[in-house]
Amino acid sequence: MLWIATAWLGMGLYIGPAISGHEPRFQRLGVNVLWVCLLVIVVGAFAGQWLAVMQKLGLEKNFWFGHQGWEYVDLGRFWQWFLFIGLGLWLTLVGRSLWPALRNGGDSRSIVMLLFLSTVAIGLFYGAGLMWGEHTSLSMVEYWRWWVVHLWVEGFFEVFAVAVMSFLFTRLGLLQVRTATVAVLFATIVFMAGGVLGTLHHLYFTGTPTAVIALGASFSALEVVPLAYVGFEAYHSYKMGKATPWMQRYRWPIMFFIAVSFWNLVGAGLFGFLINPPLSLYYMQGLNLTATHGHTALFGVYGMLGIGLMLFCLRGLKPDVVWNERLLRTSFWALNLGLAGMALFTLLPLGILQLIAALDHGYWYARSAEFMQQPIVEMLVWMRVPGDTIFSVGAVSLAWFVLRLWVAPQREAALDALPAHR
């Protein structure tokens with residue numbers, strides 16, 4: 001998750017000056033300071049959590065420097081404040097670089113404005129995770145925790161994703177500015193108007209009424225539409241113009257962006273709505289059907305998008321280096337097929353078996369040691385090996401590709417001018 005977030009935040013720092021054509025004074029210093037802060041937060045937070053799990057911190061120090069005990073918001077309160085301040089620095093760096101583009105206007109001004117507003121929301125709304133204390137009641141903590149997990153991650157990051165992809169696709173000639181603007185505006189309306197309501201489908205175990213959960217599930221299901229629409233529209237344009245030399249140079253970032261739209265529709269949409277309605281939540285919450293949605297939505301959407309954004313940046317940072325198409329092809333298909341293997345061979349069938357057990361015997365039985373130690377369950381767990389192995393091949397191929405961009409790279413003799421950089 002930290003790697004995915006780093007890829008997204010790095011893209012924001014890269015695309016700001018690229019959009020406006022202006023890099024403010026001391027921008028490089030700010031980026032370097034932010035990078036050092038990120039290293040301190042990651043190392044410090046992980047060290048604190050290890051010390052907390054090993055019971056080497058007292059209860060008071062554990063809350064501030066160790067492990068708060070909340071899923072996805074587990075880092076100590078000190079590191080949480082540190083991260084919030086770091087996001088504020090990131091917001092400042094991106095905002096000051098985007099400001100000239102906002103002031104000058106142009107065809108893409110609406111997209112740039114929404115991109116800027118999404119960075120503001122990303123920077124500020126993480127503060128919802130600071131709304132509880134060490135002794136706050138479970139219901140109150142769960143409410144604010146899901147503001148971070150759902151509204152911050154699945155809401156404002158999703159607006160950021162749609163805005164970035166739409167802007168890049170318009171610059172690459174894959175999407176008309178009007179189509180992109182409509183998609184981003186629709187995404188913003190859905191997330192801003194229904195984001196809070198969509199969060200409510202997570203609050204099943206905090207006494208939330210059934211009708212409220214159903215309303216939240218409906219708004220949450222709408223979130224997948226804009227990103228899927230943008231991706232499939234871009235894929236259609238890409239298929240029509242893929243013979244263009246400059247488009248071939250951006251083939252693999254585009255392919256990963258299209259994979260984002262596919263997994264957004266399947267992982268976030270199909271598997272997400274499978275577990276979201278009130279009746280489904282009663283029997284499925286916390287079972288492997290939830291993990292099916294979690295794996296395919298988290299890496300399928302945000303992970304693939306992080307890789308696509310990284311590759312787009314690398315094309316600009318290393319414009320004269322020949323890309324190893326074989327490594328990228330291996331990485332793309334191995335990551336996608338490996339992720340599909342994890343879901344189809346293990347998580348989905350195991351989740352269905354747990355659902356049947358919950359219907360027949362009760363939710364407690366579906367998570368009991370008696371059920372989880374059955375031979376068929378152990379076999380399904382081992383069926384993760386093929387998918388995980390293929391996925392690992394993709395990860396190693398991507399890492400090797402990036403390393404070779406700096407270590408003994410093969411350079412091109414000449415380059416054609418790219419529309420995206422004119």
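Which side chains meet in a salt bridge at 3.0 Å, N to O? They are the side chains of Arg-384 and Asp-388. Side chains of opposite charge can pair when their charged atoms come close.

The sequence positions of this pair place both residues in helix α18, which spans residues 384-406. Because Arg-384 and Asp-388 are four residues apart in that helix, they are separated by about one helical turn. Asp-388 has a relative accessibility of 27%, so it counts as partly exposed.

A further salt bridge joins the side chains of Arg-145 and Glu-142, with an N to O distance of 2.7 Å. Both residues belong to helix α6 (residues 138-171), where they lie three residues apart, about one turn of the helix. Arg-145 and Glu-142 are both buried.

Gln-354 sits in helix α14, which covers residues 325-361. With a relative accessible area of 4%, under the 20% limit, Gln-354 is therefore buried. Its side chain reaches the backbone nitrogen of Asn-288 at 2.8 Å, and a polar atom of the Gln-354 side chain lies 2.9 Å from the backbone oxygen of Ala-366. Apart from neighbours within four places in sequence, the residues in contact with Gln-354 are Leu-287, Asn-288, Ala-366, Phe-371 and Met-372.

Confidence in the prediction remains to be considered. The protein has a mean pLDDT of 82, and 86% of its residues reach 70 or more. Over residues 414-422, however, the pLDDT is below 50, and this stretch has 12 contacts in the model beyond near neighbours in sequence.

Notes. Residues numbered from 1 in each chain as written. Predicted model: local features only at pLDDT ≥ 70, side-chain atom pairs only at ≥ 80, totals over all residues. Heavy atoms only, no water. Helix = DSSP H or I, 4+ residues; strand = E, 2+ residues; numbered from the N terminus. Buried < 20%, exposed > 50% of the residue type's maximum accessible area, 1.4 Å probe, protein only. Polar contact = N/O pair within 3.5 Å; in protein donor to acceptor, adjacent residues only side chain to side chain. Contact = heavy atoms within 4.5 Å. pLDDT = per-residue confidence, 0-100. Salt bridge = Lys/Arg side-chain N within 4 Å of Asp/Glu carboxyl O.
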